[in-house]
Structures are given as structure tokens and as C-alpha cells.
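Visitor: I'd like to learn how to read a protein model. Could you walk me through one?

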Amino acid sequence: MAQINRHTIKVVGIFGGLSLLVLLPLLLPGYILTLDMVFTPVLRMPAEVSSSYLFHAALHVLNIVVPSQVLQKLLLLAILMLSGLGMYWLMRQLQQAKQSREYDEWGALLAGALYMINPYTYSRFMAGQYAVLLGYALLPFFVRSSLRFMAAPTLKGVLKLTAWAAAISIVSIHTLGLIAIVLGLELGIAVYRLRRRRSELATMVRYCLVGLTVFLLVSSYWVAPLVAGNNTQGRAVAAFAAGDRQAFESSGGNTVKRIGNVLQLRGFWAEDRGLYQLPQNKLPGWPLVMLALWALAGIGAVAWWRQGQRAAAVLLAACSFAVVLLSATGLSSWLGAHSPLLSGFREPQKFVGLLALTYAVMIGQGVAVVLGRLDKQAAQSALNGAMVAVLLLPILYTPVMFWGFAGQLRPRQYPADWFAINRLLTADTSDGRVLFLPWHLYMSYGFAGRIIESPAADFFARPVIASNELEFMRASPTAPNAQKSVLTHVVLPGAPKGTRLGYQLRPLHIKYVLLAKEYDYKKYDYLNRQQDLTRVRETPHLILYEVTKHE
């Protein structure tokens with residue numbers, strides 16, 4: 001037991017050290033603000049029930065005793081640690097199903113490192129999609145549990161599997177699509193394997209139905225509103241159309257280029273927008289690194305097959321093929337157009353997370369095979385060189401992910417006057433919301449140093465109405481909202497020509513207008529000409545107006 005504990009501590013230390021190589025500069029006081037990741041000093045309770053309700057409610061409760069900036073950094077560390085450890089343990093389970101080899105440990109460690117650090121996770125970090133990343137981090141745990149269940153179906157096994165599925169659904173509903181692919185393919189393989197053992201097949205199917213029933217019961221609090229379209233998630237999915245799928249399709253321009261990007265774990269729609277550095281542009285020999293990884297993946301896949309892990313080899317190949325079809329061809333868009341639930345996958349590159357898992361498993365096994373052969377057939381110097389190359393692979397593959405994402409991110413603080421205005425608004429106990437301008441969901445904020453989602457609704461204690469318009473190609477708003485639509489298409493476009501904006505805002509229960517001195521704020525100078533708006537306070541970063549009556 002002591003030996004096992006020492007080994008576990010060593011493995012945790014390895015992935016912990018690797019995590020610190022990525023995040024250490026970001027652990028200083030402040031918030032990590034980037035695109036969708038906008039933590040504020042107070043993490044509020046969710047306004048409505050959705051799939052992520054329990055996740056955000058838990059963050060709210062923890063925030064009572066733990067500062068939100070500390071919670072954010074613990075969450076980022078957990079994502080990296082869970083990714084590495086989950087993949088390592090998945091690899092060790094697969095390796096123990098065959099005869100153990102000397103360099104399996106090296107392969108498992110590299111698999112964990114590559115699952116942590118690759119172009120897919122890098123882009124999602126830079127886009128601030130921490131919930132997607134947390135679901136991705138839990139994926140190896142689910143796969144590990146599903147393989148155990150398929151090998152020996154039991155009630156305990158299916159309940160564990162259901163628990164992992166429920167946990168994933170709470171943090172990232174999109175990752176349910178990935179586990180659905182895995183389960184569907186595993187069931188297909190199991191049906192073929194048990195085609196002549198009908199009683200065993202019936203037992204497996206019965207347990208699967210039990211698991212599905214339990215999952216739907218424990219998830220009914222968000223599944224029912226989603227299907228009925230009674231919450232923001234359901235309304236947003238119902239509103240997605242062809243313009244959304246076109247806006248967020250995998251990058252590449254045509255099918256061949258998209259397939260090429262996906263096979264490199266790239267193709268995220270934001271990669272071509274100049275929002276962050278790209279790994280392939282920072283290392284001249286990056287294509288050679290990619291070729292080496294593909295070669296190792298091929299060696300690993302063949303090794304799984306030859307060593308008797310044929311079900312695993314077929315599963316990995318089938319998962320990879322399914323991901324390419326869904327993320328790089330028109331299949332995902334076609335399915336989304338014909339299925340209300342699948343239309344929620346308007347950004348198909350999310351499926352590439354499953355390809356990252358198959359790559360990690362195959363590359364890790366390929367490394368174990370290559371090192372084993374070199375140990376037997378080559379000089380010690382060649383083996384030592386190969387080991388160094390193995391250690392360098394994660395760094396060469398995604399060099400821009402280390403040390404605070406190559407310095408692109410650093411801790412930031414909200415301006416002091418944001419807190420002062422929040423106190424002023426909180427002191428007014430009357431009803432009425434705050435209209436936050438400029439009217440953009442995403443824009444550049446000086447204190448953040450980059451484009452981020454508007455933090456106003458979460459930062460200010462008083463109810464805030466801010467833009468929900470993505471302003472990106474023909475993408476629809478984040479969720480249908482009649483009042484915001486009126487502001488977007490009627491009230492704000494006509495405001496520069498009039499002097500009675502307050503008259504139009506009062507029916508929307510808006511008492512204050514708060515203008516942030518960011519981006520294109522100067523075009524809102526017309527606020528000073530309104531006869532029913534009174535300037536209450538101006539600070540270095542904000543101007544606060546109150547809606548007043550004008551006869």
C-alpha cells in the first residue's frame with residue numbers, strides 16, 4: 001500500500017508540476033479575463049435552472065468563504081490536473097489488460113501530458129471556455145468507467161457510469177455529445193461481441209436501460225425545461241439556425257482543409273480572428289512534430305490490435321472517424337437542421353475533444369512500443385535521445401501554452417470606480433434596472449487587456465440589461481429576449497436623433513444608464529442631449545445617468 005501511495009504521489013506531482021508550468025504566472029492576485037471567462041468578485045446564484053445550475057450554485061456557495069479569484073485559479077488547476085490524471089489512469093487500465101511492458105509508464109505519462117497540453121485545450125483556454133474544458137477533463141474518467149462496465153456489466157458498474165455522465169452534464173452539456181459517441185460505439189462493439197450470447201447481451205441492455213432511466217431522473221430538473229424550451233438554454237437551441245452553424249463551423253474554408261485542421265486538433269472558429277497566438281506559427285518545424293505524432297499514433301493503434309486489444313483499437317479508430325465526420329464535414333450541420341437537440345452543437349469543433357483523447361491513447365502506446373524496441377535493438381545513446389524527445393513532445397506541440405500562455409494572459413483587477421458605482425447603485429433600494437452601454441456583448445476592455453464578454457450583469461448587484469448580440473456573421477443572439485431585441489433594433493438606433501430616450505426606457509423598467517468608457521463609447525455622446533437623462537456620476541471608467549421624468 002505504501003508503494004502504491006508513493007507512486008500515486010509521484011504521478012500527481014508530475015502532473016501538478018506540468019500544470020504549474022502553464023499556470024504559475026497566473027496565480028498572482030487578480031482575475032484571468034479572456035473572451036468567455038469573466039469571473040467577478042461576487043459569484044451570484046444562477047437566475048434560472050439549466051444544466052449548469054448545480055455547478056454555478058456550488059461556485060456561489062464556495063464564494064461565500066473563498067474569494068472568486070481564488071476559486072477561478074483552483075478551477076483552472078483542477079482542469080489541467082484532472083485531464084492529465086484521468087488520461088494516465090485510463091492508459092494504465094488499458095495497459096493492464098495485456099502483458100505489462102517496461103515502458104508502459106512512459107507511454108501513460110506522455111498520454112496524460114498530451115491530453116492536458118494540445119492545440120484543442122489551448123484554444124479553449126484562450127477562449128475562456130472553462131466549462132467545456134472541465135467536461136473534457138472528466139471525459140477519460142467516463143471512458144475508463146464505460147470500458148469496465150462493457151467488460152463486466154453489473155448494477156454497480158452502470159451506476160458509476162451514470163454518476164460520471166451526470167457530473168459531466170452538470171459542468172458541460174456539450175460533452176454529453178462526446179460520451180454519447182463513445183457509448184454508442186461501445187454498445188455496437190458489445191452487440192457484435194455478444195451476438196451469440198443472447199443472455200449476456202440482454203443483461204447488458206437491461207443495465208443500460210437502468211442507467212439511462214437513472215440519468216434522466218436525476219437530470220430531470222434541467223432536461224425537462226430544456227426539451228420544453230422553458231429556459232434560456234432551450235430557447236437558445238430552438239433559435240439556432242443555418243447562420244449560427246455557418247458562423248461557428250470549423251475553420252478551413254473547404255472540407256479538405258477543415259479535415260486537415262481537425263486532424264491537427266485545430267479548426268476552432270476563433271483561430272483565424274487574431275485573438276491569440278497559434279502554436280503552428282511559433283515553431284518553424286511544427287509540421288514535423290505533427291507528422292511524428294501521427295506516426296506514433298499509427299504505431300500505437302497497430303500495437304493495440306496486435307497485443308489483443310482489438311476492441312480498444314476498433315473503438316479508437318471509430319471514435320476518430322466519427323469526430324472527423326462531425327467536425328469537418330457538413331454532417332453536423334445536417335443533423336442539427338433535422339434534430340432540435342443536435343442543433344445545440346452549432347460549433348462542431350467541440351467534438352475534437354474526443355479526437356484528442358484517442359490521440360493521447362494511441363500516441364502513448366506508440367511511445368511505449370518505440371522505447372521498448374530501442375531498448376532492445378539500439379545503443380543507449382539512441383534510447384536516451386528518444387526519451388528526451390518524448391519529454392519535449394508536449395512543449396513542441398503547443399509551445400504557446402506554457403508560462404501563462406506565452407504571456408498572453410495575466411491577472412487583472414477591476415477598476416476601483418466599478419466598485420464605487422456598484423455601491424452607489426446598491427444604495428438605491430427602489431426598483432429599476434441598469435442599461436449597460438456600449439451595446440456589445442463582446443468588446444475590448446482596457447482593464448482586461450483584451451476582448452471579453454460583458455461583465456456588467458455579474459459585477460453589479462442591481463439587475464443589469466446588457467447586449468446579447470454576438471455581432472458575428474449571421475449568428476443569432478445568445479438567447480431570444482424580446483426587450484433586448486427592442487433595444488437593439490428600435491430604441492438604441494433611433495436614440496441619436498431624439499432627446500427623449502428616458503421615455504422609451506421607462507416601459508422597460510430601466511432606471512439607470514451606465515456607460516463604460518471603452519471601445520466605441522464616444523458615439524454615445526447623444527446621452528448628454530437627452531432631456532430625461534440626468535448625469536449622476538462620472539468616474540475615470542464610467543458615466544452613470546439616471547432616467548428622470550420630463551413633461
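Guide: Let's start with a term: helices (H or I, at least four residues) and strands (E, at least two) are DSSP runs, numbered from the N terminus. Residues are numbered from 1 along each chain as its sequence is written. This is a predicted model, so local features need pLDDT of at least 70 and side-chain atom pairs count only at pLDDT 80 or more, while totals for chains, interfaces and linings use all residues; side-chain values use heavy atoms, with hydrogens and water left out.

Visitor: How many helices and strands does the chain have?

Guide: The chain comes to 24 helices and 7 strands. Its radius of gyration (taken over C-alpha atoms) is 26 Å, close to the 24 Å that the globule rule gives for 551 residues, so the chain is as compact as a globular protein of that length. That rule is 2.2 Å times the number of residues to the power 0.38.

Visitor: What share of the residues count as buried?

Guide: Buried means under 20% relative accessible area, exposed means over 50%, and partly exposed is in between (1.4 Å probe, protein chains only). Of the 551 residues here, 53% count as buried.

Visitor: Now the backbone. Which residues have a positive phi although they are not glycine?

Guide: The general idea is that most residues other than glycine have a negative phi, and most peptide bonds are trans. Here, E471 has a positive phi of about 50 degrees, and E471 sits in the loop between β4 (464-465) and α23 (482-494). L35 has one too, at about 45 degrees. You'll find L35 in the loop between α1 and α2 (53-63).

Visitor: Why does L35 count as buried?

Guide: Because its relative accessibility is 10%.

Visitor: And where is there a cis peptide bond?

Guide: Look at L437 and P438: a cis peptide bond joins them, with omega at about 5 degrees. P438 belongs to the loop between β1 (433-437) and β2 (442-445).

Visitor: Last one: which residues make the nonpolar surface patch?

Guide: Patches use residues with over 30% relative accessible area and no salt bridge; like charges are joined within 9 Å, nonpolar side chains (Val, Leu, Ile, Met, Phe, Trp, Tyr) within 5 Å. A salt bridge is a side-chain nitrogen of Lys or Arg within 4 Å of a carboxyl oxygen of Asp or Glu. Areas come from the Shrake-Rupley method with a 1.4 Å probe; for residues, only the protein chains shown count as cover. Here L20, L21, L24, L27 and W403 make a patch of about 440 Å². Among them, L21 is in helix α1 (residues 2-23) and counts as partly exposed because its relative accessibility is 42%.
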